[in-house]
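This briefing concerns one protein model. The sequence and the structure are shown first, and notes grouped by topic follow.

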Amino acid sequence: MASAAPPLLPTSVPAAAPATVLSAAPDAAATSIASPDPAATRAFLGRVYDSAKRSLSGARPWPELLDRAALSRPDSLSDATARLRKNLAYFRVNYAALVALSLAVALLAHPFSLAALLALLAAWCFLYLLRPTDAAPLAAFGRTFSDRETLGGLIAASVFIVFLTSVGGIIFSALALGAAIVCAHGAFRVPEDLFLDEVPDQGLGGGGATLNLLSFINGATGGRV
């Protein structure tokens, strides 16, 4: 009796399962959009540190600012104005630090406002300031946004938070309190013992400081503004 023939093997190759490698591409793109460039972040923080260090290096000794023996009541309004102008030119860095301290204390006393400002700052850094220049356009809510649209949204959010919420009132109140302290000290501080000849020629206008600030912002944003 003849042996049974072996079963025939199928000659068709089953189709391979579709690869899932391409599914990781959107996630990688999203990661490149959300994550700032580490080199740009380090450069930005370095500029902030250098700018703050240069600014604080011009501060006058604090015991000289807080010398109670140099305080006296001004004779007239014109005398108080003259004292204020001289003291502003001499103690401008110290006065700016006092205003910043007043703002910091006010924000620490209102944690919600501080959290809102920190969230706004994080949005500016991650979505605009520290984003790589070659990053893909921002994608959200099923559409993509150009750099101009992203900037417009950040400006609108900043205006809303600062001017249409309690955050703005807290900021302006703190700045007003700091300015009042500065004006009171400047009017009562006798400037006769100050070496006003050492004050730079830029005076109260601060044109050089304004140019430095604008160049710093332009460098931090990679020339986007």
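Helix 6 (residues 111-129) contains 19 residues and spans 25 Å from its first C-alpha to its last, close to the 27 Å expected at 1.5 Å a residue; the expected span is 1.5 Å times one less than the number of residues. The model is predicted, so local features need pLDDT of at least 70 and side-chain atom pairs count only at pLDDT 80 or more, whereas totals for chains, interfaces and linings use all residues. Residues are numbered from 1 along each chain as its sequence is written, and side-chain values use heavy atoms, with hydrogens and water left out.

**Overall architecture**

- The protein has nine helices and two strands, where helices (H or I, at least four residues) and strands (E, at least two) are DSSP runs numbered from the N terminus.
- From the N terminus on, the order of elements is α-α-α-α-α-α-β-β-α-α-α.
- Of the 225 residues in the protein, 24% are buried; buried means under 20% relative accessible area, exposed over 50%, and partly exposed in between (1.4 Å probe, protein chains only).
- Among contacts with a separation of 6 or more, 81% join residues 24 or more positions apart, a contact being heavy atoms within 4.5 Å.

**Helices 5 and 6**

- In helix 6, the buried residues are Ser-113, Ala-116, Leu-120, Trp-124, Cys-125, Tyr-128 and Leu-129.
- Helix 5, with 18 residues, reaches 26 Å between its first and last C-alpha, close to the 26 Å expected at 1.5 Å a residue.
- Buried positions of helix 5 are Val-93, Asn-94, Tyr-95, Ser-102, Ala-106 and Leu-107.

**Packing of helix 5 on helix 8**

- Helix 5 (residues 92-109) packs with helix 8 (residues 166-188) at an angle of about 145°, and their axes are 8 Å apart; axes are lines fitted to C-alpha atoms, for helices over the stretch in contact, and angles run from 0 to 180 degrees between N-to-C directions.
- The crossing of helix 5 and helix 8 is right-handed, that is, the near helix is turned clockwise from the far one by less than a right angle.
- Tyr-95, Val-99, Ser-102, Leu-103, Ala-106 and Leu-107 of helix 5 meet residues of helix 8 including Ile-170, Ala-174, Gly-178, Val-182 and His-185.

**Salt bridges**

- The structure holds two salt bridges, each defined as a side-chain nitrogen of Lys or Arg within 4 Å of a carboxyl oxygen of Asp or Glu.
- Arg-83 pairs with Asp-79, with the closest N and O atoms 3.6 Å apart; both residues lie in helix 4 (residues 77-90), four residues apart, about one turn of the helix.
- Arg-83 is buried at 9% relative accessible area, whereas Asp-79 is partly exposed at 22%.
- Arg-143 and Glu-149 form a salt bridge at 3.3 Å, N to O; Arg-143 is partly exposed at 42% relative accessibility, and Glu-149 is partly exposed at 39%.

**Individual positions**

- Thr-150, in helix 7 (residues 147-163), is buried at a relative accessible area of 7%.
- Leaving aside neighbours within four places in sequence, Thr-150 contacts Leu-127, Leu-138 and Phe-145.
- Ser-72 occupies the loop between helix 3 (62-65) and helix 4 and is partly exposed, at 28%.
- Not counting residues up to four places away in sequence, Ser-72 touches Arg-83, Ala-187, Phe-188 and Val-190.
- The C-alpha atoms of Ser-72 and Ala-187 are 8.8 Å apart, although the two are 115 residues apart along the chain.
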